[in-house]
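Me: I would like to learn how to read a structure of this kind with some care, one feature at a time. Could you take me through the one shown here?

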Amino acid sequence: MKKTIFSVSLLLISLIGYAQTADTTYWKTEGDFSVQLNQASFTNWASGGDNSFAGVIGLNYSFNYAKAHNAWENKLILSYGMQSLDGD
């Protein structure tokens with residue numbers, strides 16, 4: 001069993017040694033990361049209202065490939081937010 005594991009490991013290491021380097025000049029990446037915070041506080045407020053605190057984290061990235069007559073466009077849009085209300 002040990003000889004089999006050793007043989008497979010040696011084979012994988014030798015394959016990694018022959019790996020080609022990828023040309024990444026055809027890829028164009030761009031994007032942004034945002035963090036938004038919001039707080040509302042009501043003190044001595046006659047009409048009512050709830051104190052609150054909220055936050056949102058967002059990612060908006062694009063990964064585009066263009067070479068000769070081939071093009072491939074990828075878009076990643078992620079957002080996550082939470083809100084906390086006073087008393088809830």
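Me: Which residues does Ser 62 touch, not counting residues up to four places away in sequence?

Reply: Bear in mind first that this is a predicted model. Leaving aside residues up to four places away in sequence, Ser 62 touches Lys 28, Thr 29, Glu 30, Asn 74 and Lys 75.

Me: Where does Ser 62 lie, and is Ser 62 buried or exposed?

Reply: Ser 62 has its place in strand 2. Buried means under 20% relative accessible area, and Ser 62 is therefore counted as buried, because its relative accessible area is 7%.

Me: How many bridges join strand 2 to strand 3, and which residue stands opposite Phe 53?

Reply: Strand 2 and strand 3, which run antiparallel, are joined by 16 bridges, and the residue opposite Phe 53 is Ser 84 in strand 3.

Me: What does Ser 52 touch, not counting residues up to four places away in sequence?

Reply: Ser 52, which is also placed in strand 2, touches Asn 38, Gln 39, Ala 40, Gln 83, Ser 84 and Leu 85 when residues up to four places away in sequence are not counted. Ser 52 counts as buried because its relative accessibility is 17%.

Me: Why is Phe 63 called partly exposed?

Reply: The partly exposed class lies between the buried limit of 20% and the exposed limit of 50%, so Phe 63, with a relative accessible area of 31%, belongs there. Phe 63 lies in strand 2 (residues 52-67), and together with Tyr 26, Trp 27, Trp 72, Leu 76 and Leu 78 it forms a nonpolar patch on the surface, with about 550 Å² of accessible area together. Strand 3 (residues 70-85) gives the most to this patch, with three residues.

Me: What pattern does the protein chain follow along the sequence, and what share of its residues is buried?

Reply: The protein chain has one helix and three strands, which follow the pattern α-β-β-β when read along the sequence. Buried residues make up 3% of its 88 residues, while its accessible surface comes to about 8200 Å², with 58% belonging to carbon and sulfur atoms.

Definitions and conventions: Residues numbered from 1 in each chain as written. Predicted model: local features only at pLDDT ≥ 70, side-chain atom pairs only at ≥ 80, totals over all residues. Heavy atoms only, no water. Patch = residues over 30% accessible without salt bridge, like charges linked within 9 Å, V, L, I, M, F, W, Y side chains within 5 Å. Areas by Shrake-Rupley, 256 points an atom, 1.4 Å probe, with all protein chains shown as cover. Salt bridge = Lys/Arg side-chain N within 4 Å of Asp/Glu carboxyl O. Helix = DSSP H or I, 4+ residues; strand = E, 2+ residues; numbered from the N terminus. Buried < 20%, exposed > 50% of the residue type's maximum accessible area, 1.4 Å probe, protein only. Contact = heavy atoms within 4.5 Å. Pairing = 2+ DSSP bridges.
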